[in-house]
Amino acid sequence: MKNTMPPDGSEQLSDNETAVYLLEKIGKGDEHAFADFYRLFEKCLFRFIKSKLNDSFEAADILNETLLEVWRKADTFEGRSKVSTWLFGIAYYKTVDRMRKRTDIPMDEENFPETADDSPDAMACLLSAERGEHIRYCLDRLKAVQKAVMELAFFQDLPYGEIARIVDCPENTVKTRMFHAKQAMKHCLSSRMGADG
Amino acid sequence: MSETRQDLEQLLPFYVNGSLSPEETNRVEQALAEDPALQEEIDFLKHLRDEVKDLELGNSPGEFGLRRLQKALKEEQKQRNSAETSSGTVVPLSIRGWRLAAIAACLLLLLQTAVTLPMWNRSGDDLIAAGGGTAAQLGGQIITVTFVPEASEENIRNLLLAVDASIVAGPSALGVYRLSVARDSEAVVEKLLAHRNLVETAQNDSSGYSGRKAGQ
């Protein structure tokens with residue numbers, strides 16, 4: 001199989017440098033580079049999309065659409081941001097567009113109060129045996145925009161500036177959304193412990 | 001302006017994921033030294049991050065997804081190629097066939113016109129509409145007629161058969177019909193006007209007759 005990854009012996013490239021290298025080749029129509037690019041980002045991109053849609057089939061559709069867009073627009077990438085920022089931005093808009101067409105996913109309405117809750121129950125919930133189930137339950141009830149920011153900050157470990165470029169909003173908005181998402185999670189986890197108790 | 005507690009708390013998730021600038025990291029650590037309560041907040045965020053990372057969201061499409069993508073790419077390329085071919089200089093065989101057929105049809109039409117056109121000026125010849133048995137006697141005389149609103153189709157039909165007239169045009173928006181008659185049109189107009197229960201007006205178009213109402 002043709003190897004399109006950067007040549008061995010060169011300096012260790014960062015993920016972004018590798019992605020830029022592959023994008024340049026994709027822009028010239030290199031299908032092998034496209035396959036490598038897919039393998040590099042497929043898992044984290046799928047997870048990001050799925051975290052908002054909660055539907056594996058639809059998430060796979062959007063993953064497919066996002067990467068087709070990469071194939072079509074690879075030669076327009078100007079390197080002003082990291083490749084992952086550009087890529088997640090495409091996926092984010094495609095996901096939001098799909099969510100608008102569905103009526104069963106809340107977009108911006110408040111699903112549960114975000115009032116600060118300093119009860120130790122939230123932490124206890126995170127340490128409980130059923131924490132995975134509790135986290136999943138509470139994440140599902142976050143606003144879509146908060147869920148996106150939390151996924152990008154805690155799963156992809158992105159800085160707030162990069163998240164702001166992906167979701168196309170001011171940096172302060174990202175920080176505020178993350179703050180409110182944390183408050184909402186605290187409140188939800190505390191109430192879960194209350195329900196268990 | 002001094003930094004509020006909330007401003008600082010908003011940096012904590014990014015302190016936990018290690019993405020703050022060195023200057024912002026210093027600010028957080030300084031605040032942490034002054035307010036140990038912030039450590040609880042950081043501990044909570046660290047646990048939350050670990051749990052989010054461990055959360056299983058199902059298997060990604062993997063190689064199956066790649067094959068699907070490659071298939072979609074091939075389809076797209078095929079469509080692009082066919083679009084380029086149809087707009088370019090290379091004309092497919094099927095399109096060339098249609099062009100030849102169109103040219104042949106045009107030549108046939110030209111030949112037919114050349115044959116039939118001289119016949120139009122020959123007096124006494126009628127052109128028969130190919131579509132029906134109502135011989136449109138274009139070489140005959142034309143009468144314009146209107147019927148009373150109460151006239152039934154059966155009565156009109158019987159009258160037209162009696163005077164040997166055919167409808168060649170109409171009705172117009174005002175209910176005017178044009179009739180073609182083979183015989184003396186003046187006599188036919190008289191006959192039509194005699195049926196005042198059916199005919200409202202009748203006029204001989206062939207002779208420039210000004211028209212009369214039934215009963216006049």
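Q: A salt bridge is a side-chain nitrogen of Lys or Arg within 4 Å of a carboxyl oxygen of Asp or Glu; which side chain meets that of B:Glu76 in a salt bridge?

A: Side chains of opposite charge can pair when their charged atoms come close. In this structure, which is a predicted model, the partner of B:Glu76 is A:Arg72, with 2.6 Å from N to O. That pair joins two chains, and the count between chain B and chain A is eight salt bridges, while 19 residue pairs, both members at pLDDT 80 or more, are in polar contact between chain B and chain A.

Q: How many salt bridges does the structure hold over all chains, and where in chain A do A:Arg98 and A:Glu58 lie?

A: Over all chains there are 25 salt bridges. One of them brings A:Arg98 and A:Glu58 together, with their closest N and O atoms 3.2 Å apart. This pair links distant parts of the chain, since A:Arg98 lies in helix α4 of chain A and A:Glu58 in helix α3 (residues 56–73) of chain A, 40 residues apart.

Q: Are A:Arg98 and A:Glu58 buried or exposed?

A: The reading rests on a cut-off, in that a residue under 20% relative accessible area is buried and one over 50% is exposed. A:Arg98 therefore counts as buried at 18%, and A:Glu58, at 16%, is buried as well. By contrast, A:Glu78 and A:Arg80, whose side chains meet in a salt bridge of 2.7 Å from N to O, are exposed, because A:Glu78 has a relative accessible area of 58% and A:Arg80 one of 74%. Elsewhere, salt bridges that share partners join A:Lys182, A:Lys186, B:Arg5, B:Glu9, B:Asp35 and B:Glu41 into one network.

Q: Is each partner in the salt bridge of A:Glu42 and A:Lys43 buried or exposed?

A: The side chains of A:Glu42 and A:Lys43 meet at 3.9 Å, N to O. A:Glu42 is buried, because its relative accessible area is 4%, whereas A:Lys43 counts as exposed because its value is 59%.

Q: Which strands pair with strand β1 of chain B?

A: In a regular strand the side chains alternate between the two faces of the sheet. Strand β1 (residues 141–147) of chain B, where six of the seven residues are buried, runs antiparallel to strand β3 (residues 176–181) of chain B and is joined to it by six bridges; there B:Thr146 stands opposite B:Val176. Strand β4 (residues 199–204) of chain B also pairs with β1(B) in the antiparallel sense, over five bridges, and B:Val199 in β4(B) is the bridge partner of B:Phe147.

Methods:
Residues are numbered from 1 along each chain as its sequence is written. Chains are lettered from A and ligands numbered from 1 in the order in which they are written. This is a predicted model: local features need pLDDT of at least 70, side-chain atom pairs count only at pLDDT 80 or more; totals for chains, interfaces and linings use all residues. Side-chain values use heavy atoms; hydrogens and water are left out. Buried means under 20% relative accessible area, exposed over 50%, partly exposed in between (1.4 Å probe, protein chains only). Helices (H or I, at least four residues) and strands (E, at least two) are DSSP runs, numbered from the N terminus. Two strands pair if DSSP finds at least two bridges between them. A polar contact is a pair of N or O atoms within 3.5 Å; within protein, one must be able to donate a hydrogen and the other to accept it, and residues adjacent in sequence count only if both atoms are side-chain atoms.
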